[in-house]
Amino acid sequence: MEKNPMLSVRNLRTYFYTEDGVVRAVDGVDFDVYEGETLGIVGESGSGKSVTSLAILRLLDPKGKIEDGSEIIFNGKNLLDLNEDEMRKIRGNDIAMIFQEPMVALNPVFTIGDQIMEAILLHQDVDKKKAREMAIDMLRKVGIPEPEKRVDEYPHELSGGMRQRAMIAMALSCRPKLLIADEPTTALDVTIQAQILELMKSLQKEYGMAIILITHDVGVIAENADRVVVMYGGKVMETSDVRTTFRKPKHPYTWGLLNSIPRLDIEQERLYSIPGMVPDPLHFPAGCRFSNRCEFGEEKCSVEMPPLVEVESGHMVRCFFYRKVEEAQKLSKAGEGA
Amino acid sequence: MSEGKKANTEFIRTMRKMFRNPSAILGFALLIFFIIVAIFAPLIAEPTFFDENGNPVVYYDENGKVIKPNPYQIPYNDKIPSQPDRPSPDHPFGTIEKRDIFYGVVWGTRTAFFIGLTVTIISTLVGILIGSISGYYGGWIDEVLMRITDVFMSIPFLLAAMVLTTILGNGIDKVMIAMTVFGWMGAARLIRANILQVKEEQYILASKALGIKDYFIIMRHVLPNTIFPVLIQASMRMGSLVITAAGLSYLGLGAPLGYADWGSMLNYTRNWILGASGSTFSYWYAVFYPGMAMVLFVLAWNLVGDALRDVFDPRLK
């Protein structure tokens, strides 16, 4: 069971130095990604999940700084120690990324074939003809019909789902070991979403790569991830395998998220929503960052930041009162049963 | 094979779209007309020497070869009076200061293209270089380059051009240097602004995530998405540069007297521009023909610029 992780993020802190103050977008995040698995990172907008993914590839804009003491260890190397040239060799080749908006993530002035070939020619020692064959091959793999024809089409000639497939082809063209998918299906409609996720799953099996799946959609995580990291306010709130977290959440925030999913099996007058708003990252509340929205909070919560503790094997929770959440769940289950 | 065919239909579609607009047709027609005049200038208005009686002569050098006159110098003809003379079959646009206006207008077309193209191309390239470095890298590089741009912009152009030509001396080439040195800022600012916008596009981030080098990102991904506004602006500038050069020539800074340049031809008319006493328009042809050439030339480039914008600006689609 105990494997070595291919990617370990340790104490990742990413601060943005703005004119209004320091934004602690990611503040001490730890997680591991193992070979061949899918790690889901879930959280609301502003929870720091996208910043985390950009930090791994060191693609933050100049205002954002990865603080000293952070570690991103990929295959034994700390990516933060590499120079720009070495980092460029990792990007696309070892770690690839796909983005939320397939509409704008492809350059409108080049054919999709050109763009896929660009990545292949950059990282692999092949000539143009071979690269073109590989691009067509890749397009076929991601399920684009008539790839010999599509390879010469421009992004605007493809539908949203096809573009996201092309993006995936581009990202996977160099067989990365790790794929970071930042909200890969958010901009697509539901039927296409399912197809794209299915495609990612089958390619993952074929290539044996690991995926970091970033989304705000708990349902997508539940169906596709092996393990999950729940982020809030730049901190990890809860992490475990998907089953445990979704069956028996221990953090009030996770439970709130799960309760906000519409359910077909019970009758609901009104959909639950977590009270309050995501705090302004410039002014997080003192103590636990969820304390001002938490239904279970006590005085202690707004003074002291709870530590991330292992409550069961592999199940970490950042809450002083996770037992209260357990109790509340029992009650609500009982209520449903009645 | 299919790629070529496809590009071809795309091209035809673009052309069709462009020529649906009558003003675009007018613009291109005028431009083509000027190009034809410039190319066939030696046939339309043959450069010749005239002897003291005003008859065409041919001079030979010591090897017996024909000495060709400098075509850009409007032939000086003693048969023609100093004061302006109205159009006649021999001189369809009239004459002024012993020179044929028709000849000057025809060869002036070449001068106009030469000045316009050279200055526009060089100043646009300089602008693109400075603007793209500034926009892409940002930070202190941007700050320094943009402040330099501001300094250049803050100097009144005419004053700067006059000072520069005083230092360098008169002449078309000096005017062109002045116009290039003080003419790149618009392109630089425009391309910088566009790059700032394109830089935030996700496909730039996506190409960075694929490990592509900065140089290639600028050349392959940023510039092609920002270049069209600059090209359109450049084509509009082509026309206005000719006006500016003419203005400088009119002030006596540009082309020397007798040079086939529309601006310096207007310089001749300074003494006659008010007409004879009692009839203001008696020497109209001295101003009208070179002036008309200039107006049509500027109009042609502006219409072409508009047509290009209509076709290439996605926001107007």
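Biologist: What makes B:W301 count as buried?

Modeller: This is a predicted model, so here is the count from its atoms: B:W301 has 25 C-beta neighbours inside 10 Å. The cut-off for buried is 20 or more, so B:W301 counts as buried.

Biologist: Where in chain B is B:W301 found?

Modeller: B:W301 sits in helix α13 of chain B, residues 284-312.

Biologist: And which residues does B:W301 touch, leaving out those up to four places away in sequence?

Modeller: B:S235, B:M236, B:M238 and B:G239. A contact here needs C-beta atoms within 7 Å. There is also B:S240, which is 61 residues from B:W301 in sequence, yet 8.7 Å away in space, C-alpha to C-alpha.

Biologist: Let's go to the two chains. How many residues of chain B are in contact with chain A?

Modeller: 18 residues of chain B, and they meet 22 residues of chain A.

Biologist: Which helices of chain B each supply at least two residues of that side?

Modeller: α1 (2-18) and α9 (202-209) of chain B. The largest share comes from α9(B), with 6 residues.

Biologist: What is the make-up of the chain B side by class?

Modeller: The side of chain B that touches chain A has 7 nonpolar, 6 polar and 5 charged residues.

Biologist: Now chain A. How do you know whether its radius of gyration agrees or disagrees with that of a compact globule?

Modeller: You set it against what the chain length predicts. For 338 residues, a compact globule would come out near 20 Å, and chain A has 21 Å, so the two agree. The C-alpha trace of chain A spans about 65 × 50 × 45 Å along its principal axes.

Biologist: How much of chain A counts as buried?

Modeller: 45% of its 338 residues. As for contacts in chain A between residues at least 6 apart in sequence, 64% of them join residues at least 24 apart.

Biologist: How many helices and strands does chain A come to?

Modeller: 11 helices and 13 strands.

Biologist: What makes β1(A) and β2(A) a pair?

Modeller: Strands pair if there are at least two bridges between them. Strand β1 (residues 7-18) and strand β2 (residues 21-33) of chain A are joined by 10 bridges, so they pair, and they run antiparallel.

Biologist: And how many residues lie between β1(A) and β2(A) in the hairpin they form?

Modeller: 2 residues. A:T18 has A:G21 in β2(A) as its bridge partner.

How values were computed:
Residues are numbered from 1 along each chain as its sequence is written. Chains are lettered from A and ligands numbered from 1 in the order in which they are written. This is a predicted model: local features need pLDDT of at least 70, side-chain atom pairs count only at pLDDT 80 or more; totals for chains, interfaces and linings use all residues. Helices (H or I, at least four residues) and strands (E, at least two) are DSSP runs, numbered from the N terminus. A residue is buried if 20 or more other C-beta atoms lie within 10 Å of its own, exposed if 12 or fewer, and partly exposed in between; C-beta atoms are placed from the backbone. Two residues are in contact if their C-beta atoms, placed from the backbone, lie within 7 Å. Ala, Val, Leu, Ile, Met, Phe, Trp, Tyr, Cys and Pro count as nonpolar, Asp, Glu, Lys and Arg as charged, and the others, Gly among them, as polar. The radius of gyration is taken over C-alpha atoms; the globule rule is 2.2 Å times the number of residues to the power 0.38.
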